[in-house]
2 protein chains.
Amino acid sequence: MINAIVGQSGGPTAAINASLSGVIRACRESGKIDTLFGSFYGIQGIFDEHFCSLFDVVPDENAHRSLELTPASALGSCRKKLPKPDDEGAETYTKLFEIFDKHEIKYFFYIGGNDSMDTVHKLSVWAKRINSDIRFIGVPKTIDNDLSLTDHTPGFGSAAKYLATSCAEMIRDTEVYTTDAVTIIEIMGRDAGWLTACSALARLTDGTAPDFVYLPEVAFSVDAFISDVKEALKTKHNIVVAVSEGVRDENGVYVGESSQSGKTDAFGHKYLSGTGKTLEEIVRERIGCKVRSVEINILQRCASHLSSKTDIDESVAVGKYAVELALSGKTGSMAAFERVSTKPYVCKCAEADLDKVANAVRSVPLEFITPEKNNVTDECLEWIMPLVQGEVSPEFKNGLPVHFIIKR
Amino acid sequence: MINAIVGQSGGPTAAINASLSGVIRACRESGKIDTLFGSFYGIQGIFDEHFCSLFDVVPDENAHRSLELTPASALGSCRKKLPKPDDEGAETYTKLFEIFDKHEIKYFFYIGGNDSMDTVHKLSVWAKRINSDIRFIGVPKTIDNDLSLTDHTPGFGSAAKYLATSCAEMIRDTEVYTTDAVTIIEIMGRDAGWLTACSALARLTDGTAPDFVYLPEVAFSVDAFISDVKEALKTKHNIVVAVSEGVRDENGVYVGESSQSGKTDAFGHKYLSGTGKTLEEIVRERIGCKVRSVEINILQRCASHLSSKTDIDESVAVGKYAVELALSGKTGSMAAFERVSTKPYVCKCAEADLDKVANAVRSVPLEFITPEKNNVTDECLEWIMPLVQGEVSPEFKNGLPVHFIIKR
């Protein structure tokens, strides 16, 4: 028996199940895999031997299509961090590889972000150390688009489309009154401003965009921000500002940090929120006009009803490509995207070395940010634009989209 | 010359421009109106004689369709309150009626919520007082569904569809981890819980719903809420709670009030926000598990990309019906909906007397709320369900929905 296993990890996206579908499709089509296990709750499911058989659970084309348009990890997720693959971690890795052997698992696929790629990398290092022939391949996903060694990440395009659409709709909403008003839209992105940049996408088409866009890649100055807004209010009633949750001042202090209790997640990242609220209070105090902040929150990562068709198609393709890599003998790799050209948009799958990927953050290049540090350039938007193209057609029942649920 | 004028007022909805389109369609089709003025920024545009000619601005079927799927008031809005139509207000009304006469306006249509219907009512009272033959007709709109004398309000169905879909997507998002977590979704609705009730719509189809739904129609008890959540956490990791921004305790104190500065809007309504955040802090303190609050904020009223086709079609129809009423000699009326049956859903337009409509709030009936006061009944959801049926097909350009912009 030659079996394979796939898990999902990290935060939800609208496209992570499309990549899962791609892995299932390619494993089945290869004819080389007897059973493809789905590991529930990421790597935790392997410790618990908590699996399903995905060829049974996703039996046909209808099921694949429905899965591809269902948001968040259908197999569940985890934020478990593996120990270093050295003597210290020996017990953990020995246990994992015993379970792989017990279930005749030869291929391991893990769909996730930076931390998940770190997990795949460690497993491949351990496999090398013990001369195991199990192949470990990572499939990227993150709305943040901050993984290195790939042109962009699956899930980003759908979040981008949702954010750009929602910002355009909110701009319509804000411009109905003639009283001076400031609307601050807080967008996810701890270290990378890609998602916040997307707020301005409609600018290329119809000129609709937030007046200012602040990314975490450059130092944020409250004084400059207030001055930007005051100046804009001289010629316009409704000012819309998009701001990344991760903006920080020249000393690296997060704008939203003052209202935080300093808690960190399992990977030591600080929890952030309140950047929009903090700026709202500052505008109220220093400008005194009507002001509102909107935190788009988790909607931006799970709004699969407005997924980008390009993103969903690519996410399926990269899942399939991961299987190709594994079957051709690769291990310790990530299935990635390589952009051949932007106009016309041509993108192909490519192999990336996980040794270089893990935990490196890819930020928005500084040339994509205006010299005033309060907006993104047209070149930035032209780079993002291909990723939001095309609409999906989720199945609706009783007026609501149908989700594909895998019982855990 | 026989001219007409139409304005929009109050907060945005996804369907208010569909009603505007209906008014334009019916005025044009009647052959009885020479010019249909669009008043910019509601009633304020009349004082300023700030008009456009809508037959020119919306010339063809393509323009109509695009307008119908553009969110928020295309003509702009206002929150201007007219004085009482008695001696005290004489100066204001005299000025308004002089402008009507100057532009040979015989028909006035106003699309808005409770406060806007109050404006229409006052104008019709003044007209009667001075024996003017100008007809004043209101066209309802509000996502809140809280207008009396109509089965439901245009705009509510689209907000309902967006909220139900977003809640189902957020439930997918929250259920990926196995750690105990509480997600609190704060939904608009100062006095009426209709929108919050919609969070549970998917329950009728696939069992997906928030675990608890708290409406402002019944007294909210923090102790009962904490007890509900604690009990639910015994059998489930991820608890999702939908709560109306307007919930208040048995003494009428808003849960979100403590964090407010007591500001009120032009109509004396208290600004509310922070209900979700307040409950988040309480859960953190009294239960201690992971907790997050999501304030859906203005997205729920402007997400026209996910409008309900039923809502858009009905909003056009009620705009047309308002013109029919006016042309048949009615005044001081609101074009309303009368539900003939729920299964199958049959709804027709009907006339309502603005004398009875203005400023009466229609709440969720108590029989639609469970005895435990922590959820809505299936009957409630069956009542709402027809209003979210059908999907619209907005035009997309460069991957983003196209909006119809009227230059002001």
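Guide: Helices (H or I, at least four residues) and strands (E, at least two) are DSSP runs, numbered from the N terminus. The model is predicted: local features need pLDDT of at least 70 and side-chain atom pairs 80 or more, while totals for chains, interfaces and linings use all residues. Residues are numbered from 1 along each chain as its sequence is written, with chains lettered from A and ligands numbered from 1 in the order in which they are written.

Visitor: In which loop does E104(A) lie?

Guide: Helix α5 of chain A covers 90–102, and strand β4 covers 105–112. E104(A) therefore lies in the loop between α5 and β4 of chain A.

Visitor: Is E104(A) buried or exposed?

Guide: A residue is buried with 20 or more other C-beta atoms (placed from the backbone) within 10 Å of its own, exposed with 12 or fewer, and partly exposed in between. Because E104(A) has 12 such neighbours, it counts as exposed.

Visitor: What separates the C-alpha atoms of E104(A) and N3(A)?

Guide: Along the chain, these residues are 101 residues apart. E104(A) touches N3(A), as well as M1(A) and I2(A), leaving aside residues up to four places away in sequence (contact: C-beta atoms, placed from the backbone, within 7 Å). The C-alpha separation of E104(A) and N3(A) is 5.7 Å.

Visitor: Which strands stand at the edges of the sheet in chain A?

Guide: The open sheet has seven strands in the order β3-β2-β1-β4-β5-β10-β11, with mixed pairing (at least two DSSP bridges between two strands). Two of these strands have a single partner each, so one side of each lacks a neighbour in the sheet: β3 and β11 of chain A.

Visitor: Which element gives the largest share of the side of chain A that touches chain B?

Guide: The contact draws 49 residues from chain A and 49 residues from chain B. The largest share of chain A's side, nine residues, comes from α7(A).

Terms used
Contact = placed C-beta atoms within 7 Å. Pairing = 2+ DSSP bridges.
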